[in-house]
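This report looks at charged side chains and how they pair. The sequence and the structure come next.

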Amino acid sequence: MYVGTLSFDLLLGDVRSLKEKRSVVRPIVAELHRKYAVSVAEVGEQDLYRRAVIGLAAVSGDMGHLTDLLDRCERWVAARPEVDLLSARRRFHGEHDD
């Protein structure tokens, strides 16, 4: 069993309030969950209206499948016109981790 995590540091476009931020971040979180069947949430920078950190996690029995899934999620977020992807950080945890 392998667990992969991926976190995105995002700069939001023309957003001037936390309400506008929610209207940008919520659809991204919902679509990642729907399209890729991953666990996903906004996990940081909740009180800054032009920044967001979104984290996701997935479990797979095949490391290649997990890597491909995280690659697809990252490409999808990077292609969103309403945000700039500042960084993406991924981690893998396997059966032999201590």
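## Terms and model

A residue is called buried under 20% relative accessible area, exposed over 50%, and partly exposed in between. The model described here is predicted.

## Salt bridges overall

Side chains of opposite charge can pair when their charged atoms come close. Searching the whole structure gives eight salt bridges.

## Lys21 and Glu42

A salt bridge joins the side chains of Lys21 and Glu42, at 3.0 Å from N to O. This pair links distant parts of the chain, 21 residues apart: Lys21 belongs to helix α1 (residues 18–36) and Glu42 to strand β2 (residues 39–44).

Lys21 counts as buried because its relative accessibility is 2%. Glu42 has 25%, so Glu42 counts as partly exposed.

## Glu31 and Arg34

Within helix α1, Glu31 and Arg34 are three residues apart, about one turn of the helix. Their side chains form a salt bridge of 2.6 Å, N to O.

Glu31 has a relative accessible area of 23% and is therefore partly exposed. Arg34, at 59% relative accessibility, counts as exposed.

Glu74 and Arg90 form a salt bridge in which the closest N and O atoms are 2.8 Å apart. Here too the pair links distant parts of the chain, with Glu74 in helix α2 (residues 63–78) and Arg90 in strand β4 (residues 83–93), 16 residues apart.

Glu74 is partly exposed at 24% relative accessibility, and Arg90 is partly exposed with a relative accessible area of 27%. A network of salt bridges links Asp71, Glu74 and Arg90.

Methods:
Residues numbered from 1 in each chain as written. Predicted model: local features only at pLDDT ≥ 70, side-chain atom pairs only at ≥ 80, totals over all residues. Heavy atoms only, no water. Salt bridge = Lys/Arg side-chain N within 4 Å of Asp/Glu carboxyl O. Helix = DSSP H or I, 4+ residues; strand = E, 2+ residues; numbered from the N terminus. Buried < 20%, exposed > 50% of the residue type's maximum accessible area, 1.4 Å probe, protein only.
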